Amino acid sequence: MPNDKITAVGANIAEKAAMIWNVADMLRGPFKPHEYGLVILPMTVVKRFHDCLLPTHQAVLDTYEKVKKLQVIDGFLQKASGYQFYNTSRFTFETLLADPDNIESNFRDYLSGFSANAQDVLAKFDFDNIIKRMVESNTLYLVIKEFGSEKGYLGPDKISAVDCGYIFEDLVRRFSESFGEEAGAHFTSRDIIYLMTDLLLSEADLDTSSMTVYDMAMGTSQMLSCMEERIHELNSDIEVTCFGQEFNPSTFAIAKADMMIRGGDPNNMRFGDTLSEDQFPGFTFQYIISNPALRH
């Protein structure tokens, strides 16, 4: 039930977010406090991608060798990875750390191995320029080492999609506070979201095969995640299709990454200001869940 889930986010998720944010200790000096998130947010996304893909890493490499000369290879590699994204680089965080002298070139090789949809996510963070700054300040290896440690593990076997989403939201909140912004501009607490889902579904007809849910100001998309989770608790056979729009590049990137990991359609996550650039003209949705006053 919702109350159990509110409790479940608890100390372990808060501690994981705090641990990740502690990477800021090694950024002091080269980066100003309000810039810490420029490193921490994309690195968290990269590490989440990495830990999701690690169990099938060798299978992807083997498949890539078989199909790399074909004109269309995405489907084969997605099947091998088990996700809608993949990475064909031979590197992992473990092998990156084994060669500190070549950390920049090897890390760039690792990033370039991601599929196009993952590359789109990283581009929204302007990650290339951040890497240059970490290299210049001799912090790239240290940051990768911290994320590559046991306490930096973000695999789905230990951290669910919803809980990982809350880690992202906690990091965004910390980043916003370092800018002096109100945390509520990017964060809606879990108890409020579960109350919203229960109100929306209190009289829902759950004898159906599919539902569509939309958030026009989705932030990191946690309202969509919780709505999908709640619907599946009530009827696990319903196919839930989520749609969302966001105009902050970093939170949009997190939302798209989250959708890719959850197995939904990342093309349903669209960038732009809903008020001036509606990305879903002519669409209709069965449910809309949002907190637009705070974000747009």
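1. Strand S1 (residues 210-215) pairs with S4 in the parallel sense, over two bridges. Pairing here requires at least two DSSP bridges between the strands. Tyr214 has Ile288 in S4 as its bridge partner. Strands (E, at least two residues) and helices (H or I, at least four) are DSSP runs numbered from the N terminus.

2. This is a predicted model: local features need pLDDT of at least 70, side-chain atom pairs count only at pLDDT 80 or more, and totals for chains, interfaces and linings use all residues. Residues are numbered from 1 along each chain as its sequence is written, and side-chain values use heavy atoms, with hydrogens and water left out.

3. The sheet is open. Its four strands run in the order S3-S2-S1-S4, with parallel pairing. S3 (269-271) and S4 (287-288) are the edge strands; each has a single partner, so one side of each lacks a neighbour in the sheet.

4. Leu41 sits in helix H2 (residues 36-53). Beyond its neighbours within four places in sequence, Leu41 contacts (heavy atoms within 4.5 Å) Phe125, Leu171, Val172, Phe175, Ser250 and Ile254.
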